Amino acid sequence: MRMNVVWLMLPCAVFTMSCNDDDGNGRERMQNQEFVTMAASSNRFEIEAGELASEQGADERVIAFGNHMVMDHGAAATQLTVLATAKGWNIPDDMLEREREMLEELMTLEGAAFDRAFARMMVTSHEQAVALFERASGQDGVFDDDLRAWAAGKLPTLREHLEEARELDEQINP
């Protein structure tokens with residue numbers, strides 16, 4: 001009797017292991033909502049930091065880059081909201097702690113001090129965004145095909161932003 005139970009449970013165990021979310025590289029696939037939350041937070045940071053650049057920045061290059069971030073990340077945020085709403089995922093009302101802390105630091109600065117911090121943060125935030133979107137669009141990425149395709153479609157722009165941010169940082173923080 002005991003052996004029959006083992007033989008009956010063996011296929012269940014094999015099936016369960018074959019359905020594991022792990023793709024064999026030691027990382028579990030990213031959940032759709034997890035990516036939506038992180039991407040929305042990243043977009044919100046870029047938008048709000050960009051708005052601050054036009055209010056508190058001194059260097060025209062910082063102000064222009066900030067305006068560029070508001071436009072591009074605003075469009076991405078709108079697209080993500082449309083997709084998330086159609087799929088039943090939630091767009092958070094606030095940023096994640098990492099982005100919120102960076103924004104709070106920027107809010108305390110003005111002029112050249114703002115410019116220096118903003119330029120550094122744009123590099124950091126875009127490095128994080130590129131890594132996030134690469135993961136979401138890769139083999140161990142999100143489960144939803146539409147969300148994975150959206151993430152992949154945003155990568156060229158994010159990589160371009162990263163290069164522009166690096167150039168800005170080199171100019172502002174030589």
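**View 1. Helix α2 meets helix α6.** In this predicted model, α2 and α6 cross in a left-handed way. Their axes sit 11 Å apart, at an angle of about 30°. Angles under 35 degrees count as roughly parallel, so α2 runs roughly parallel to α6. Who does the touching? On the α2 side look for Asn32, Phe35, Val36 and Asn43, and on the α6 side for Leu147, Trp150 and Ala151. Sort this contact by class and you get five nonpolar residues, two polar ones and no charged ones.

**View 2. Helix α2 meets helix α3.** Here we have residues 32-56 (α2) and residues 60-87 (α3), whose axes come within 7 Å and cross at roughly 150°. That angle makes α2 roughly antiparallel to α3. This crossing of α2 and α3 is left-handed. Among the residues in the contact are Val36, Ala39 and Asn43 from α2, along with Gly66, Val70 and His73 from α3. The class tally for α2 with α3 is 13 nonpolar, seven polar and two charged residues.

**View 3. Inside the largest nonpolar core.** This core holds 43 residues, and those with the most contacts inside it are Phe35, Phe45, Leu106, Phe118, Phe133 and Leu147. Which helix gives the most? That's α5, with twelve residues.

**View 4. Zooming in on Phe45.** Leaving aside residues up to four places away in sequence, Phe45 touches Met95, Glu99, Met102, Leu103, Leu106, Met121, Met122 and Ser125. Leu106 also turns up with Phe45 among the residues with the most contacts inside the core.

Notes: Residues are numbered from 1 along each chain as its sequence is written. This is a predicted model: local features need pLDDT of at least 70, side-chain atom pairs count only at pLDDT 80 or more; totals for chains, interfaces and linings use all residues. Side-chain values use heavy atoms; hydrogens and water are left out. Axes are lines fitted to C-alpha atoms, for helices over the stretch in contact, and angles run from 0 to 180 degrees between N-to-C directions. Helices (H or I, at least four residues) and strands (E, at least two) are DSSP runs, numbered from the N terminus. Angles under 35 degrees count as roughly parallel, over 145 as roughly antiparallel, 65 to 115 as roughly perpendicular and the rest as oblique. A crossing is left-handed if the near helix is turned anticlockwise from the far one by less than a right angle, and right-handed if clockwise. Contact means heavy atoms within 4.5 Å. Ala, Val, Leu, Ile, Met, Phe, Trp, Tyr, Cys and Pro count as nonpolar, Asp, Glu, Lys and Arg as charged, and the others, Gly among them, as polar. A nonpolar core is a set of buried Ala, Val, Leu, Ile, Met, Phe, Trp, Tyr and Cys residues joined through side-chain atoms within 4.5 Å. Buried means under 20% relative accessible area, exposed over 50%, partly exposed in between (1.4 Å probe, protein chains only).
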